[in-house]
Amino acid sequence: MFKFSKFASLSLNKCSKEVHTSSLLNALRFTQEHDELRKTVNKIIEKDINPYVDKWEEQRTYPNREVFKKFGDAGLLGITRSTKYGGLGLDYSFHVAFLEELSNVNCAAIPNSIMVQTDMTTPALERFGSEELKQEFLVPSHAGEMVSCIGVSENQGGSDVANIITKAERKGDELIINGGKMWTTNGVQGDWMCMLAITREGPPHKNKSLICVPLKLPGITCNKIQTMGNNCCDTTEIFFEDVRVPAKNIIGEEGMGFIYQMQQFQDERLALCMTACSAMARYIRDTADYCKERKAFGYPIIQNQAIQFTLAELQTEVEALKALLYCAVAKKMEGEDVTLLATMAKLKCGRLLREVTDKCLQFWGGMGYSSDTLISRALRDGRALSIAGGTDEIMLNIISKFMGLLPKSKPNASKC
């Protein structure tokens, strides 16, 4: 029935089974068809990704297009999208299953790179883009034949999206782009960018547009950024000097880019949290297994009540986060605005991920500090979650706004 059914013979791994312990599964109505999709995802991970992750991490890059094509051929890069554009036309619960299984990849870099394609660059294009843009960029992105990246953050403005300065000046039927984008995942190997840029005069929330920008054009240069984690995904700074693109490449209505991007952020934040939440359950489980085998003073260290209670408390926090995420998903599927819940989840997830990886690594002892263990990689990779997609401080600001706590105007600094 579905593209992924051909992999039905693959048995669910331990992580997949663990997902089924949540009492909220009934609310999302996870079915045998969801299990089939999970099997498909895990077959690709086990065959085409995990055997090579260590090498890719050492090389600080991975073959995006080859990996994307594997997922694209299975229909997994457009699960909720219309079949007209190469999607599967399924509801969001199937995408949740996909995101949860991505946690089985032995690094965070590759899932993050994939989520750029599925949840950060294409939502606005699918919702508001013209038919021509969808055929040119959305269809090949769903197929895994094109790699996309998101262009929002800049050198002088990461969290302050309203005050980005990259401009796309209209000249006849073209836009001439000048500026730069920072922290761009998939930038080196990317085929196109979903760029937020100033396209006209006006207030900062009404003067920007989202633009599909091909990345093989004259005037585009990039520098790869070396990061402390997420080593094998291409994090880059990209510069644009008199880059010409058709004005018809604007997604939706000109001047609505800021609004579109705020909506797109909610897809991004939910996706990041879904995968990270499942990953945390994996780290706790792996740590428990290690502590059952590791002996000190003549007995397995899992027999220490301090370790038992710490892991139990962490698991409780993970389940609480999952409940919040599933609540957000249920509301999203009903068409409700989930900005507040997605923001709360993003804040909680980033902080909890730091706590889980740090406390789990402690129980691995010296092995945890070595680069040979996944928990050390998880700690390095996970630190980015409280920064990327909106910092903890921005999340707190948004939550405070919903609570009516923000002052109507900022206090005069001279009076503070």
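Asn230 sits in the loop that links strand 6 (220–224) to strand 7 (235–246); helices (H or I, at least four residues) and strands (E, at least two) are DSSP runs, numbered from the N terminus. The model is a predicted one, in which local features need pLDDT of at least 70 and side-chain atom pairs count only at pLDDT 80 or more, while totals for chains, interfaces and linings use all residues. Residues are numbered from 1 along each chain as its sequence is written, and side-chain values use heavy atoms, with hydrogens and water left out.

The phi angle of Asn230 is near 50°, a positive value in a residue other than glycine. Asn230 counts as buried because its relative accessibility is 9%, where buried means under 20% relative accessible area, exposed over 50%, and partly exposed in between (1.4 Å probe, protein chains only). Phe297 is not a glycine either, and its phi is positive at about 60°. Phe297 belongs to the loop between strand 8 (295–296) and strand 9 (299–300). With a relative accessibility of 83%, Phe297 counts as exposed.

For residues 255–403, UniProt gives the feature "domain: Acyl-CoA dehydrogenase/oxidase C-terminal" (unreviewed entry). This span is 78% helix and 3% strand, and its end C-alpha atoms are 28 Å apart.

How do two of the helices pack? Two packed helices are described by the angle between their axes and the distance between the axes. Helix 3 (residues 32–49) and helix 6 (residues 92–101) pack at an angle of about 35°, and their axes are 9 Å apart. For these values, axes are lines fitted to C-alpha atoms, for helices over the stretch in contact, and angles run from 0 to 180 degrees between N-to-C directions. The crossing of helix 3 and helix 6 is right-handed; a crossing is left-handed if the near helix is turned anticlockwise from the far one by less than a right angle, and right-handed if clockwise. On the helix 3 side, the residues that meet helix 6 include Leu37, Val41 and Ile45, and their partners in helix 6 include Phe94, Ala97 and Phe98. Contact means heavy atoms within 4.5 Å.

His95 also lies in helix 6, and it counts as buried at 6% relative accessibility. Leaving aside neighbours within four places in sequence, His95 is in contact with Ile79, Thr80, Thr118 and Asp119. Two of these contacts, Thr118 and Asp119, are among the buried residues of helix 7. Helix 7 (residues 109–120) is mostly covered, with 11 of its 12 residues buried.

The largest nonpolar core holds 78 residues, and those with the most contacts inside it are Ile49, Phe71, Leu76, Phe98 and Ile110. A nonpolar core is a set of buried Ala, Val, Leu, Ile, Met, Phe, Trp, Tyr and Cys residues joined through side-chain atoms within 4.5 Å. Helix 10 (residues 257–293) supplies the largest share of this core, 15 residues. Not counting residues up to four places away in sequence, Leu76 touches Leu37, Thr40, Val41, Ile44, Phe71, Phe98 and Thr118. A second, separate core has 21 residues, including Met146, Ile150, Trp192 and Phe258.

Helix 10 also contains Asp286, which is partly exposed, with a relative accessible area of 29%. Asp286 and Gly158 are 128 residues apart in sequence, and their C-alpha atoms are 35 Å apart in space.

How many disulfides does the model contain? A disulfide is taken as a pair of cysteine sulfur atoms within 2.5 Å, and by this rule the count is zero. Cys273 is in no disulfide, and the nearest cysteine sulfur, that of Cys349, is 4.1 Å away. Cys273 counts as buried, at 0% relative accessibility. Cys291 is likewise in no disulfide, with the nearest cysteine sulfur, that of Cys360, 8.2 Å away. Cys291 also has 0% relative accessibility and therefore counts as buried.

Key. UniProt positions renumbered as here; feature names shortened; annotations may be inferred.
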